[in-house]
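Subject: Structure for you to look at, with notes

Dear colleague,

Here is the structure that I promised to hand over, and my notes on it follow below. Please keep the model open while you read, so that each residue can be looked up as it is named.

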Amino acid sequence: LPICRPMPHYDAAILIGRFQPVHNGHLALLHEALARAGRAIVVLGSAFQARTPRNPFTWQERAELLRAALPEAERARLIVLPIRDYYDEPRWAQAVRQAVVAQLPAGARIALVGHFKDDSSGYLRAFPGWELIRMPRQGAIDATPIRDAYLGATPDSLDAALAPLAQYLPTATRAWLRQFAHTAHYPALQEEWRMLRAYHASWAGAPYPPVFV
């Protein structure tokens with residue numbers, strides 16, 4: 001008979017992301033973190049900045065979405081840490097490490113849960129000493145098409161616009177997005193989103209690949 005060994009247990013499992021907005025791929029990683037450790041610590045990136053089409057929701061709103069997507073019994077084991085963008089990976093990694101360590105006792109066993117989606121996932125290698133729990137891609141979705149469908153809709157057409165993506169969205173996220181569509185932030189974000197799309201499209205015929213800054 002095969003020998004069954006228990007999964008390694010950690011004091012905390014870390015999950016890093018922007019979660020703009022929270023979708024089921026994020027939740028799969030979060031559930032893995034909660035299964036591996038006594039506490040899951042979610043590091044919310046791009047915090048403390050103005051709303052943009054790429055980062056439309058505040059860290060407080062994203063924290064609310066994460067908690068709302070979990071069963072009540074598991075919410076008490078979730079810690080959310082907002083971290084600003086530094087555009088200097090060593091400085092950013094130090095800020096993340098300091099924020100995490102401040103939540104834990106000395107000598108805590110820490111794991112990092114993550115998925116190497118593309119080159120932007122290289123930050124997962126910035127934390128030597130934290131055991132990396134490498135996860136496969138969790139579903140065929142990321143947040144960009146969700147934001148595009150959302151910002152390209154109207155409050156009245158929102159359900160139809162998100163219908164093709166409904167299987168990837170937690171019920172709590174869909175309900176919250178409907179509410180947010182009736183705030184003053186929604187049309188302001190849509191106006192900027194449309195301007196950026198038109199600007200990018202205007203360079204489609206350039207004789208060289210443009211670099212948008």
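The accessible areas come from the Shrake-Rupley method with a 1.4 Å probe, and for residues only the protein chains shown count as cover. A salt bridge, in turn, is a side-chain nitrogen of Lys or Arg within 4 Å of a carboxyl oxygen of Asp or Glu.

Please bear in mind that this is a predicted model, in which local features need pLDDT of at least 70 and side-chain atom pairs count only at pLDDT 80 or more, while totals for chains, interfaces and linings use all residues. Residues are numbered from 1 along each chain as its sequence is written, and side-chain values use heavy atoms, with hydrogens and water left out.

The surface patch

M195, L196, Y199, W203, Y208 and F212 together make a nonpolar surface patch of about 580 Å². One of these residues, F212, is found in the segment after α8 (185-202), where helices (H or I, at least four residues) and strands (E, at least two) are DSSP runs numbered from the N terminus. F212 is partly exposed, with a relative accessible area of 36%; here buried means under 20% relative accessible area, exposed over 50%, and partly exposed in between (1.4 Å probe, protein chains only).

The sheet

An open sheet is formed by 5 strands in the order β3-β2-β1-β4-β5, with parallel pairing, and two strands count as paired if DSSP finds at least two bridges between them. At the edges are β3 (78-82) and β5 (131-134), each of which pairs on one side only. Strands of a sheet pair through backbone hydrogen bonds, either parallel or antiparallel.

Strand β1 (residues 10-17) runs parallel to strand β4 (residues 110-114), and 4 bridges join them; the bridge partner of I14 in β4 is L112. β2 and β3 also pair in the parallel sense, over 5 bridges, and I41 stands opposite I79 in β3.

Although β3 is an edge strand, β3 is mostly covered, with 5 of its 5 residues buried. L78, V80 and P82 point one way from β3, whereas I79 and L81 point the other way. In a regular strand the side chains alternate between the two faces of the sheet.

The salt bridges

The structure holds 4 salt bridges, and three of them are described here, including one between E32 and R36, whose closest N and O atoms are 2.8 Å apart. Both residues lie in helix α1 (residues 24-36), 4 residues apart, about one turn of the helix. E32 counts as buried at 18% relative accessibility, and R36 counts as buried at 15%.

The side chains of R51 and E61 also meet in a salt bridge (2.9 Å, N to O). R51 lies in the loop between β2 (37-44) and α2 (59-68) and E61 in helix α2, so the pair ties together parts that are 10 residues apart in sequence.

Finally, D159 and R178 meet through their side chains in a salt bridge (2.7 Å, N to O). D159 lies in helix α6 (residues 158-162) and R178 in helix α7 (residues 171-180), so this pair ties together parts that are 19 residues apart in sequence.

With best wishes

Methods: Patches are made of residues with over 30% relative accessible area and no salt bridge: like charges are joined within 9 Å, nonpolar side chains (Val, Leu, Ile, Met, Phe, Trp, Tyr) within 5 Å.
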